[in-house]
Amino acid sequence: MSLNPDPGHEQPAQRTLADLQPGETAEVVALHSDGAERRRLMDLGIVPGTRIIAELRSPLRDPVAYRVRGALIALRQSQAVQIEIRSPAPEMLS
Amino acid sequence: MSDPAADLLQTARALRAEVGAGLHDQLAEALYTDAAHLADRAVTRPDERPRFDLDRAIDRLVTSRTWGFPIMILLLTVVFWITIQGANVPSSLLATLLLDKVHPALKDGASALGVPWWLSGVLLDGAYLAGAWVVSVMLPPMAIFFPLFTLLEDFGYLPRVAFNLDRLFSRAGAHGKQALSMTMGFGCNAAGVVATRVIDSPRERLIAILTNNFAVCNGRWPTLIMVSTIFIGSAVPAALAGLVSAAAVVSVAVLGVLLTFAVSWFLSRTMLKGQASVFSLELPPYRPPRIWQTLYTSVIDRTLIVLWRAVTMAVPAGVVIWTISNVHVGGESVAEHLVSLLDGFGWLLGLNGVILLAYIVAIPANEIIIPTILMLTVLTARLSGVGQGAGVMFELESGNAIRDILHAGGWTTLTAINLMLFSLIHNPCSTTILTIYHETRSLKWTAVATALPLLLGFAVTFTLATAARLLGWA
Amino acid sequence: MTMTTNTLPGSACATCPMNRHLARLGVSMDSWDYVVALAGNPNTGKSTVFNALTGLRQHTGNWPGKTVARAEGGFEYGEKRYKIVDLPGTYSLLATSADEEIARDFILFGQPDVTVIVVDATRLERNLNLALQVLEITDKAVLALNLMDEARRHRLVVDERRLARDLGVPVVPMSARRGEGVGELLQMVHGVATGEIRPRPHRLASTRDAALDRVLSQLVARVEAAFPGLPNARWVALRLLDDDASIESAIRDGSLGDLSRGLQTAPVAERLALTGVAS
Ligand SMILES: Nc1nc2c(ncn2[C@@H]2O[C@H](COP(=O)(O)OP(=O)(O)OP(=O)(O)O)[C@@H](O)[C@H]2O)c(=O)[nH]1
Ligand SMILES: [Mg+2]
């Protein structure tokens, strides 16, 4: 796996937010968690179609802070793997 | 009779099947679609993105792999260094004024008025002196520490600390927001315990409550600052004294953080088994603090309130101290009896009977530890001019009086180090214990929260004292 | 009535005439005409607004979750006495942590006369999520567009008139920490409380789904039967359909009924009791 995949490049299916490297942008496809956790993520604005940018990695590599609808939100990797993503549609990149 | 509540729940369950599980998703998506649309219409962003995003640059630095942790330690050290340097002179000025000038004047006035010795003793040598000590030991460091801490808080640095430490908390089976209640504990543990409400898992909230005491609260900073200034700062060249004392205080605080991790880890593997639950933390944008407003409110709201609490605790404690030091049973005062009773155990811990008695007297508030120790040492060590039970032998020269008292009380470097450790690791103050009971409504957990750090403190100080003695250091 | 007439451009208003009517009452209140709730996402300046209106000094701090319990204070404006309630921040009325539950319960069941929704002008999109939820359950709301100084610093331009029109409630741009916009906020709160201003908030089209509506109204009837006089029965019904465990337990132990009688529920600590944690 290359460390810095070209953001426009086609990715294999089932990429999750945990695969996103700082600086990369992605679009949420689905949330695979449920119950309170799913609710909380949705309350924070992480719903299918939301555009997310990975921004900061903490010194110990976990959690990672993501830019979601203008706010910077830290998620543990155990949560990030539950969020399926894909490369953003081209018009979203502009 | 049909129970409408049960009926309601049943109907709900039936209808839920009809609606399907996607309801919440549907609502959440609809809300955000609307929100995005409305915001898009209302907000115009600047055309060109600023080439340099300061917030992002700061974030990269303070959370970076290399610099994240050093910067946390550095900031903490700088805060204490400024506090120690800045508090030194005003503290001794206040002590000179309140203890050297006002106290004798009051005594003279009392004897001129023919006030009986026991009354002027209890009021002036007990209540007044305890209050005066608290003010001179606490006011200057608090008046510097609180504003600095508030500036960091207003700037937005604390959530970054939580972000940096989260991995350690998750390893310990604890909640990431425990870092926030812990930092609140650096102000006041009772506040820190209430702040655990942001944690939504009961198990992890309890862990946060039980370990909050390892965050050194404002009542304990003055003890640490004073002891490290006298016994550690003085061991190095004067130019480095402030920095080295600050480093010693920071080491104790960092040890407290490490203990928080260790005890959380222990709890989540024994009494409070479970997995770390999910967590999300918003890192707010940096906002430049308003310096003057912050200085003003943190001095008025925090410093004076905390000081007032300390004084109201110190005054009755002063009465108690004076009384037990002046009521004699079989030739010795009650305080002396108690001190010699505790001396053996105190010696085992590398402390002494006076310190242990002080920790008993000071259960209501950690703030009064230092005044209590000083007064008890003066009163029981029969220092010069103590006949009527005062601390009036002070030739105050920048804290030297305190050093003289403590040396007269037989203190060594081991005593100082173990006092700093015991100050970190002992039972919470009574206010915090009550708050823990109020938040948990459980006698059992309140008892655990009280006993666990106390026993741990005994164990740590005993081990260190024994090791030091075996190795011939003390 | 249109909302445009109700929104004034933000201006420093320490000296303008309407500010003269403000008398900060601190906590010394035994009776009041209206109750105002401060709702909003965490860290948007609710406690700062509260302090500006009451003269009290709730702790504020730049991190989400500074306020964890409700605080009350009072002020007098335009010959009316107001009780104002500072609440913990919450991302959503669907939320579950202890502090957020306190906020949610008061917004939903505390029957405030006016709900001031404090939003961060620099994070409008995410803040509007909660704002829209609040506007689902009450008409009597004012949107305080706070942190305008930060928005200016980041060179964002927020069109508050358009926002007011789109949302259907008064929008007051403000920088609470500097006291900017406090006068306008008071005017709007007063207008909405006395009924001079009648906002007609924007409602979400997607919750007006016909099939859902049918099911909902069935359940709402049951909720009302079980808890007569409970405000926001529709919201309770929605939560039930969504399998919300906290609402279910509030129904089972009757605490939902206490809420509807205008009582605060059992002391917070009791509801948060940790005695149940397995040992
Ligand atoms: N620049 C600027 N800062 C503000 C303004 N209003 C509030 N702040 C700052 O924003 C931070 C958050 O303010 P609070 O009043 O504590 O926010 P809150 O909404 O009560 O937060 P929670 O209690 O955590 O929900 C503090 O550091 C305030 O000083 C404003 O108008 N301008
Ligand atoms: Mg607040």
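Colleague: What sits over the ring of W347(B)?

Modeller: That's the charged end of R469(B), 3.7 Å from the ring centre. Keep in mind that this is a predicted model.

Colleague: And which residue has its charged end over the ring of Y286(B)?

Modeller: R160(B), and there the distance to the centre is 4.1 Å.

Colleague: OK, ring on ring now. How many aromatic pairs are there over all chains?

Modeller: The structure holds 16. One of them is F80(B) with F145(B), a stacked pair with 5.4 Å between centres and 15° between planes.

Colleague: Which parts does that pair tie together?

Modeller: F80(B) is in helix α4 of chain B and F145(B) in helix α5 of chain B, so the pair joins parts 65 residues apart in sequence.

Colleague: Is F80(B) buried or exposed?

Modeller: Buried, at 0% relative accessible area. F145(B) is buried too, at 4%. F145(B) also stacks with F149(B), with centres 5.7 Å apart and planes at 25°.

Colleague: Switching to ligand 1: which chains does it lie between?

Modeller: Chains B and C. Among the residues that come nearest are R287(B) and K46(C).

Colleague: What polar contacts does ligand 1 have?

Modeller: A polar side-chain atom of S47(C) is 2.8 Å from a ligand oxygen, and one of T48(C) is 2.6 Å from a ligand oxygen. The protein buries 99% of the 650 Å² that ligand 1 exposes when taken alone.

Colleague: Which helix gives the largest share of the shell?

Modeller: α1(C), with three residues.

Terms used:
Residues are numbered from 1 along each chain as its sequence is written. Chains are lettered from A and ligands numbered from 1 in the order in which they are written. This is a predicted model: local features need pLDDT of at least 70, side-chain atom pairs count only at pLDDT 80 or more; totals for chains, interfaces and linings use all residues. Side-chain values use heavy atoms; hydrogens and water are left out. A residue is near a molecule or strand if one of its heavy atoms lies within 4 Å of it. A polar contact is a pair of N or O atoms within 3.5 Å; within protein, one must be able to donate a hydrogen and the other to accept it, and residues adjacent in sequence count only if both atoms are side-chain atoms. Accessible areas come from the Shrake-Rupley method with a 1.4 Å probe; for residues, only the protein chains shown count as cover. Helices (H or I, at least four residues) and strands (E, at least two) are DSSP runs, numbered from the N terminus. Rings of Phe, Tyr and Trp (its six-membered ring) pair if their centres lie within 6.5 Å; planes under 30 degrees apart count as stacked, over 60 as edge-to-face and the rest as tilted. Buried means under 20% relative accessible area, exposed over 50%, partly exposed in between (1.4 Å probe, protein chains only). A charge sits over a ring if NZ of Lys or CZ of Arg is within 6 Å of the ring centre and within 35 degrees of the ring normal.
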